[in-house]
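Hi,

Here is the structure I said I'd pass on. Have a look, and my notes follow below.

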Amino acid sequence: MSNGATRTRAQDAARTGADRGAPVVEIRGLSKRFDGASRRVLDDVTLSVWPGELVVLLGPNGCGKSTMLRCAVRLLDPTSGSVTVAGSDLAALSGNELRDRRRQVATIFQHGHLVARRSALANVACGGLGRSRGLRVAAGHLPAAELRHGMECLARVRMTHVAARRADSLSGGEAQRVAIARALSQRPQTLMADEPVASLDPEAAESVMELLRDLATRDNLGVLCVLHQPELALRFADRIAGLRAGRIAFDLPANVVGAEAVRALYQDER
Ligand SMILES: Nc1ncnc2c1ncn2[C@@H]1O[C@H](COP(=O)(O)OP(=O)(O)O)[C@@H](O)[C@H]1O
Ligand SMILES: [Mg+2]
């Protein structure tokens, strides 16, 4: 049994108590219908993520996983329902407050989307400045404090040895770890990852999942991660949510999700 699975079981046991506190992200009754579409892509989805837990979202292609993550960080406006981040409803916020609350949720995608010609460290340090300021200083020198913080974030993902390398010289696995360091540089409480290991070889995929597991366990981050590999979900997640045709089919501790429930998730769509 892997360390990941051992830690997961231990965490599940610890988390059945009443000491979980408030969720870092609470998605309630979320529905989404795109303009002109006849049906809802998401239909009354409710899901919460607590600090220190890794929740994996599984589901077949097109069932609404990415739409759910985009609505959760308000890259898309939900048709109905609410998303609460650290106790505040995002829809009720605007301006600086909305920006600050959004920064508490960092997103990671399938491809790291690093700036190819810049160093790994510059990519990470820009993340700490926030998008608009990061772009403004892109051509100039980064503040020393941001570079220091950037190195700390690279150290957290064990990537200081690539700090000076251009982003486009990194392997897929290295680039994804640097992208995670960049996400950490905005000091989030929550990480949302949309298929972060989909384009990695099995060894790199495993190492990225171990890192996400560790960020939940040791840094107490809430992590919501879309995966396509049920076996990785069963090994690394505290909780697995199954999404089928825009609805939550199950939301259960990983150690009670049976292989049958996972299979049904994919079979029912055919
Ligand atoms: N911007 C959009 N406009 C219209 N339909 C969309 C848009 N984005 C996604 N969809 C549709 O919503 C459904 C769910 O997509 P998505 O959330 O990307 O699924 P998943 O990530 O689970 O593969 C798909 O049928 C897709 O075609
Ligand atoms: Mg998707």
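Helices (H or I, at least four residues) and strands (E, at least two) are DSSP runs, numbered from the N terminus. This is a predicted model, where local features need pLDDT of at least 70, side-chain atom pairs count only at pLDDT 80 or more, and totals for chains, interfaces and linings use all residues. Residues are numbered from 1 along each chain as its sequence is written, with chains lettered from A and ligands numbered from 1 in the order in which they are written.

Now the sheets. With 10 helices and 10 strands in the protein, one open sheet takes six strands in the order E6-E7-E8-E3-E9-E10, with mixed pairing. E6 (105-108) and E10 (247-253) each have a single partner strand, so one side of each lacks a neighbour in the sheet. E6 runs parallel to E7 (residues 190-194), joined by four bridges, and Val-105 sits opposite Thr-190 of E7.

The other open sheet has four strands, ordered E2-E1-E4-E5, and its pairing is antiparallel. Its edges are E2 (42-49) and E5 (88-89), each with a single partner strand, so one side of each is left without a neighbour there. Between E1 (residues 25-32) and E4 (residues 80-85) there are five bridges, and Ile-27 has Val-83 in E4 as its bridge partner.

On burial (20 or more other C-beta atoms within 10 Å of a residue's own, C-beta atoms being placed from the backbone): 41% of the 270 residues are buried.

Cheers

Conventions. Two strands pair if DSSP finds at least two bridges between them. A residue is buried if 20 or more other C-beta atoms lie within 10 Å of its own, exposed if 12 or fewer, and partly exposed in between; C-beta atoms are placed from the backbone.
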